[in-house]
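Student: I am new to this structure. Please put it on screen, and then we can go through it in short questions.

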Amino acid sequence: MLIVQRIEMISWLVSKIQQISSPFIMGAFLDKPKTEKHSECGNGNGLSYGLSSMQGWRIEMEDAHCAIVGLPQGLKDWSFFAVFDGHAGARVSMHSAENLLETIIQSEDFLNNTNANCNKQVSVEDAEQVKKGIREGFLKLDERMRKIPEIASGEDKSGSTAVCALISGTHFFFANCGDSRAVLSRNKQVFFVTEDHKPINPGEKERIQKAGGSVMIQRVNGSLAVSRALGDYEYKRVKGKGPCEQLVSPEPEVNVVERDNDLDEFLVLACDGVWDVLTNSEICDHIRYMMQVSSDLEYICNCVIDACLYKGSKDNMSIVLVALPGAPKVSEQMVQRDKEINILLEERIKEIFSGSEKLDTCDVMRVLQEDGKAVKGLVHLPLGGLFFKHAFVEEVCNKLRNRSPVNDESSPGSPLPDATTVSQD
């Protein structure tokens, strides 16, 4: 009997693994990645922002984002930035991007305790009420989306993680639901990081088990890789349990951080397609470096996305970068140093191509990684800096494949946008 039970358990595990892996085996990945990016930038309230997203290897783009400087309901001094990472479809992520801010602002706890109706600073007591309002906004949005016809009928089973930052003149309000992540860089180091909500986290696992579920192969019931999300209503049907007690909870974790305009450098909000291949420190170190070379935040975000793709991310990738008053400024010394690095890289790429013009960019990057000449040229970059040079390497490779000369004015001299093109005021 024991042997039979073990065989049945093994069979069940195999079937679950096949269910999870079958989308990947059956073509959930494209033959080649879609590398076209959606990117934009803007500024206001003493902030500048850039964002970029790429479909990558996935058969569908399920990410969404939101960036608003100056909010309605008298909150002109507030800003809102968010990233939504959809799964099993894009309906929930898109709807959340369009409606989450509105549901938060509609909360009396939020609106009555901000500086919308009077010119005052947000106190500690106010901040706690604002946190309650943000939480209420998430829960109300999740409740309302359940009634969307395609979702109510069960035709659409999509869900989405959500990470957002509401910024007042005095505070950051971070809200996270799932495994997208926000990072604050202060005084040249990672200062604050939201917590990823994974089924294996002790508190998350306990809630799942109390709701009658299990955590297998680090997933809810062996299937879903996140323990908190908007949507995913098939995991929110346990009778006798409240919305925050279900297998998957829509409750955000809300944190308040007081601003320091002298030391706060930038915020990064991104989906797990970014964080799966780059650490918090890697991203912050490279963004800090690139801000000293270019003021174009949109370009910097594009470089991060390119680096993620080359480092092996198979997911959709989205990032929002918010430059704060204490952000690094463009340095002529760093601009010149970066030009010198690009010149060295270009010369080495030409040597590599002298043997064959049929090499693809990945082949060239592999050679550069293993090549001592290139490593010496990258000593002034943060660790792993070659990945963030992928766009430049590809540009040079494309010109060499087309047998077009790469002159000093176009590539090694100024591969980045002009340092004065975008203001960070």
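Student: How do α2 and α4 lie to each other?
Tutor: Helix α2 (residues 91-105) and helix α4 (residues 124-145) pack with their axes 9 Å apart, at an angle of about 135°. Axes are lines fitted to C-alpha atoms over the stretch in contact, and angles run from 0 to 180 degrees between N-to-C directions. Angles under 35 degrees count as roughly parallel, over 145 as roughly antiparallel, 65 to 115 as roughly perpendicular and the rest as oblique. α2 and α4 are therefore oblique.

Student: What kind of model is this?
Tutor: Residues are numbered from 1 along each chain as its sequence is written, and side-chain values use heavy atoms, without hydrogens and water. Local features need pLDDT of at least 70, side-chain atom pairs count only at pLDDT 80 or more, and totals for chains, interfaces and linings use all residues, for this is a predicted model.

Student: Is the crossing of α2 and α4 left-handed or right-handed?
Tutor: Helices here are DSSP runs (H or I, at least four residues), as are strands (E, at least two), numbered from the N terminus. If the near helix is turned clockwise from the far one by less than a right angle, the crossing is right-handed; anticlockwise is left-handed. The crossing of α2 and α4 is right-handed.

Student: How many nonpolar residues are in the contact of α2 with α4?
Tutor: Contact means heavy atoms within 4.5 Å. Residues making it include V92, L100 and I104 of α2 and I134, F138 and L141 of α4. Ala, Val, Leu, Ile, Met, Phe, Trp, Tyr, Cys and Pro count as nonpolar, Asp, Glu, Lys and Arg as charged, and the others, Gly among them, as polar. The contact has 6 polar residues, 1 charged, and nonpolar: 7.

Student: At what angle do α11 and α13 cross?
Tutor: Helix α11 (residues 361-370) and helix α13 (residues 390-401) have axes that come within 10 Å. Their crossing is right-handed. The angle is roughly 120°.

Student: Which residues of α13 make that contact?
Tutor: α11 brings T361, V364, M365 and L368. The whole contact divides into 5 nonpolar, 2 polar and 2 charged. The residues from α13 are H390, V393, E394, C397 and R401.

Student: How many charged residues are in the contact of α10 with α11?
Tutor: The axes of helix α10 (residues 332-353) and α11 come within 11 Å and cross at roughly 115°. L345, R348, I349, I352 and F353 of α10 meet V364, V367 and L368 of α11. The contact has 7 nonpolar residues, no polar and charged: 1.

Student: Which element gives the largest share of the lining of the second largest pocket?
Tutor: The closest of its 15 lining residues to the centre are P33, T35, L309, C362 and H390. β1 (29-44), α9 (297-310), α11 and α13 each supply at least two lining residues. The largest share, 4 residues, comes from β1.

Student: Where does Q73 lie?
Tutor: Most residues other than glycine have a negative phi. Q73 is not a glycine, yet its phi is positive, about 60°. Q73 lies in the loop between β3 (63-69) and β4 (79-87).

Student: What is the phi of K188?
Tutor: K188 sits in the loop between β7 (181-186) and β8 (189-193). This residue other than glycine has a positive phi, near 65°.

Note on methods
1 Å grid on protein atoms, 1.4 Å probe; cavity = no way out; pocket = protein on both sides within 12 Å on 5 of 7 lines; lining within 4 Å.
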